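Student: I have a structure to look at, and I would like to learn how to read its features. Could you take me through it step by step?

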Amino acid sequence: MNEHASSQTEPKADARSLRFGESWDYAPAPESVKVEIAEKYGHYINGKFTTPTKTTKFFGSINPSNEKVLCKVTQGTKKDVDKAVDAAKSALTGWKRLSGKERGKYLYRIARRIQERARELAVLESMDGGKPIRESRDVDVPLAAQHFFYHAGWADKLKYAFPNRDPQPVGVCGQIIPWNFPLLMAAWKIAPALACGNTVVLKPAETTPLTALRLAEIFDECELPAGVVNIVTGDGATGQALAEHKGLDKLAFTGSTSVGKKIAAAAAERDIPCTLELGGKSPNIIFDDASIDQAIEGIISGIYFNQGHVCCAGSRLFVQESVLDEVIRRLEWRMKSLRVGDPLDKNTDVGAINSKAQLATINRYLKIGSEEGAEVHVPGGGEVPAKGYWCRPCFFTGVQQSHQIAREEIFGPVLAVMSFRTPEEAIQRANNTPYGLSAGIWTDKGSKMFELAGKLKAGVIWCNTFNRFDAASPFGGYKESGFGREGGMQGLRGYVKF
Ligand code: NAP
Ligand code: MG
C-alpha cells in the first residue's frame with residue numbers, strides 16, 4: 001500500500017460522523033428563483049422572434065426530472081433556415097466593417113448581461129436539461145459569461161494573435177450544438193465567431209433549446225445589430241438543412257461522431273472550413289503513488305457529475321494493480337454519499353438523464369456490460385423519483401479491453417474500471433481507442449506526469465485534477481474526437497481567413 005493511501009483513514013462511527021457507507025440526510029434545499037417560461041417560442045431571426053403561422057409546427061421541450069412539457073418550441077423548416085442564413089448574410093457587411101473595439105463592446109455587454117441574469121439562466125438550464133443546479137449555477141453559466149469576456153478582449157487584438165498576417169472573418173457560420181452544455185456550447189461557438197467579425201446561424205439541440213432562446217433575448221437587450229446572430233430551433237432535420245445550406249461560409253459542430261462525419265462530408269462538398277468537437281472515451285489513469293482520496297474526487301467529478309453527459313468524461317478508469325482494491329473500496333464509499341434527484345435541489349449531485357432516448361441508450365449498455373461478463377456495482381441506495389429519467393451512478397469491474405462498454409461512448413454515469421501494471425501498459429491501453437478527447441493522470445511524480453502526457457493521444461490532459469475548463473485554454477480532440485480547437489488563441493483560427 002502506498003504512503004498516501006495508508007495515511008488516509010476511513011470515517012469513524014460516532015454520534016456525529018457517518019458510519020462506513022452511510023450518508024447524511026440533508027433537508028431539501030430547493031431553488032427559490034422562479035423562471036418565466038412562455039407557452040410558445042419562435043425562432044430568433046434578424047433581431048426578432050418569429051410569430052407562428054398556420055403551418056408552423058411545434059415540439060415540446062420536456063423537463064426530464066418530471067416529464068412535464070415546459071413549453072412549445074418551433075420546428076425549423078428549410079425556409080426558416082433560408083431566412084436565417086439570408087439575415088446573417090445581410091448583417092455580415094456591417095458587422096465586419098465595425099472596428100474590433102466596437103465589436104468587443106457588444107461582447108462585453110453580453111457577458112455582463114449573462115452575469116446579471118445568471119440565476120435565471122441556471123434555473124432554466126437545470127429545468128430543461130436535468131443537470132443539478134449546482135452545476136449550471138457554478139460551472140455552465142459562469143463559463144458562458146467568461147467566454148464572452150475572453151473573446152471581447154480578442155476582438156481588437158486579432159492581429160497580435162496572427163502576427164504578420166491580416167486576419168479576416170470567414171463569413172456566415174452555421175453552428176450546431178448538443179444538449180449536454182446548451183448555454184455553454186452556444187457561448188463557445190458564438191463568442192469567437194463574433195469577435196472575429198463573422199455572423200452566425202445557430203441550431204440548439206432539440207431537448208434543450210431554452211437557454212439559447214434566452215441568450216437571444218440578451219442579444220436583443222444588448223442591441224446587437226439584427227441578423228448578427230440568428231437562432232433556429234428544431235431537430236436533426238433542421239440541423240441537416242443548416243449543414244447543407246449553400247449560403248454558409250463555415251460549419252462548426254459539437255455532437256456525436258456519427259453526425260460529425262455527415263457534417264464533415266457536407267462541408268467537404270462545398271469546400272468550406274469546418275470544426276468538429278465530437279465524442280470521447282477518455283481514460284483516467286491512477287498510479288499507486290497518487291493521493292487516492294484526491295483521485296477519487298477526480299473520478300467522481302469526471303464521470304458522475306452532470307450524469308456523465310460530458311464529452312470528455314473520464315469514462316475509462318485505469319488503476320495500477322497494487323492499489324486497485326483500495327481505489328474500488330474508496331470509490332464505493334464515496335459513491336454512497338452521492339445524491340441523485342431533483343436538479344433544482346442545491347444538495348443534488350447527480351440530476352436527471354437528459355431524455356428518455358438517452359436513458360434507453362444507457363440501460364442498453366448496462367445490459368450489454370453484464371452480458372459481456374463484467375460485474376456492475378451500484379453503491380448508492382435510496383429512492384429516485386417515480387417520474388422522470390434516472391440512472392444511479394455505477395461502475396463495472398472485470399472489464400476487458402474488447403468489451404463494448406470499454407470501447408463505446410455511453411454518455412451516462414457509468415464507469416469501466418480496469419487495471420494496469422506499468423506506465424507503458426497504461427499508455428498503450430489508454431490510447432487503444434478511436435477517440436482522443438481528454439485524459440487524466442494521477443501521480444505524485446512530476447516526471448511521470450510529463451512522460452505520460454507526451455505519449456497520450458488526447459487533446460486535453462489533466463494532471464491530478466479533471467474536468468477543469470478555462471476560456472483561455474484550447475479544447476478539442478485527436479482522431480474521432482474531432483478536429484480544430486475551441487477556446488484560447490488557437491480557437492480563433494477556425495473563425496478567420498487570411
Ligand atoms: P448529436 O446527435 O450528434 O446531436 C448534436 C446536434 O446535431 C443536435 O443539435 C442535433 O439535433 C443535431 N443533428 C442531429 N442529426 C443531424 C444531422 N443529420 N445533421 C445536422 N445536425 C444534426 O449528439 P447529441 O446526442 O446531441 O450529443 C451527444 C454527443 O455530443 C456525444 O457524443 C458527446 O461526446 C458529444 N459532445 C462533444 C463535445 C465536445 O466538445 N467534443 C461536447 C459536448 C458533446 P437534435 O438535438 O435534434 O438531435
Ligand atoms: Mg428539455
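Student: Is glutamate 67 buried, partly exposed or exposed?

Tutor: Keep in mind that this is a predicted model. Buried means under 20% relative accessible area and exposed means over 50%, with partly exposed in between. Glutamate 67 has 32% relative accessibility, so it counts as partly exposed. Its place is the loop between β4 and β5.

Student: Now the strands, please. What is the order of the strands in the open sheet of three?

Tutor: Start with the general idea: strands of a sheet pair through backbone hydrogen bonds, either parallel or antiparallel. Here the order is β1-β5-β4, and the pairing is mixed. β1 (40-41) and β4 (58-63) are at the edges with a single partner strand each, so one side of each has no neighbour in the sheet. Between β1 and β5 (residues 68-74) the pairing is parallel, over two bridges. Look for lysine 40, which stands opposite lysine 72 in β5.

Student: How far apart in space are valine 73 and histidine 43?

Tutor: From C-alpha to C-alpha they are 8.3 Å apart, while in sequence they are 30 residues apart. Valine 73 belongs to strand β5, and its relative accessible area of 0% makes it buried.

Student: Which side chains lie on each side of β13?

Tutor: In a regular strand the side chains alternate between the two faces of the sheet. In β13, Arg316, Phe318 and Gln320 are on one side, with Leu317 and Val319 on the other, and all of them are buried. This strand covers residues 316-320, and five of its five residues are buried. β13 pairs with strand β12 (residues 283-286) in the parallel sense over four bridges. Within that pairing, phenylalanine 318 in β13 is the bridge partner of isoleucine 285.

Student: Which residues coordinate the magnesium ion (ligand 2)?

Tutor: Look for the atoms that point at the ion: Ile62 (O), Asp128 (O), Asp128 (OD) and Thr207 (O) coordinate it, at 2.1 to 2.5 Å. Aspartate 128 lies in helix α4 (residues 118-129) and threonine 207 in the loop between β8 (199-203) and α8 (210-221), so this pair ties together parts that are 79 residues apart in sequence. Aspartate 128 is buried at 0% relative accessibility, whereas threonine 207 is partly exposed at 24%.

Student: And the pockets? Where does the largest pocket lie?

Tutor: Rolling a probe the size of a water molecule over the atoms shows where empty space is left. The largest pocket has a volume of about 1,000 Å³. Of its 41 lining residues, the closest to its centre are Trp179, Phe253, Gly255, Ser256 and Val259. The elements giving two or more residues to the lining are α9 (236-243), β10 (250-254), α10 (257-270) and α13 (356-371). Domain 1 (40-278 + 481-497) and domain 2 (283-463) both give residues to this lining, so the pocket lies between them.

Student: How many of the lining residues are nonpolar, polar and charged?

Tutor: The lining of the largest pocket has 18 nonpolar residues, 13 polar and ten charged.

Terms used:
Residues are numbered from 1 along each chain as its sequence is written. Chains are lettered from A and ligands numbered from 1 in the order in which they are written. This is a predicted model: local features need pLDDT of at least 70, side-chain atom pairs count only at pLDDT 80 or more; totals for chains, interfaces and linings use all residues. Side-chain values use heavy atoms; hydrogens and water are left out. Donors are N, O and S atoms within 2.8 Å of the metal (3.2 Å for Na, K and Ca); water is not among the atoms, so sites may look incomplete. Buried means under 20% relative accessible area, exposed over 50%, partly exposed in between (1.4 Å probe, protein chains only). On a 1 Å grid over the protein atoms alone, a cavity is a set of points where a 1.4 Å probe fits but cannot get out, and a pocket is an open set with protein on both sides within 12 Å along at least five of seven lines; lining residues have an atom within 4 Å of a point. Grid points are joined across faces, edges and corners, and a volume is the space filled by probe spheres set on the points. Ala, Val, Leu, Ile, Met, Phe, Trp, Tyr, Cys and Pro count as nonpolar, Asp, Glu, Lys and Arg as charged, and the others, Gly among them, as polar. Domain bounds come from an automatic or database domain assignment. Two strands pair if DSSP finds at least two bridges between them.
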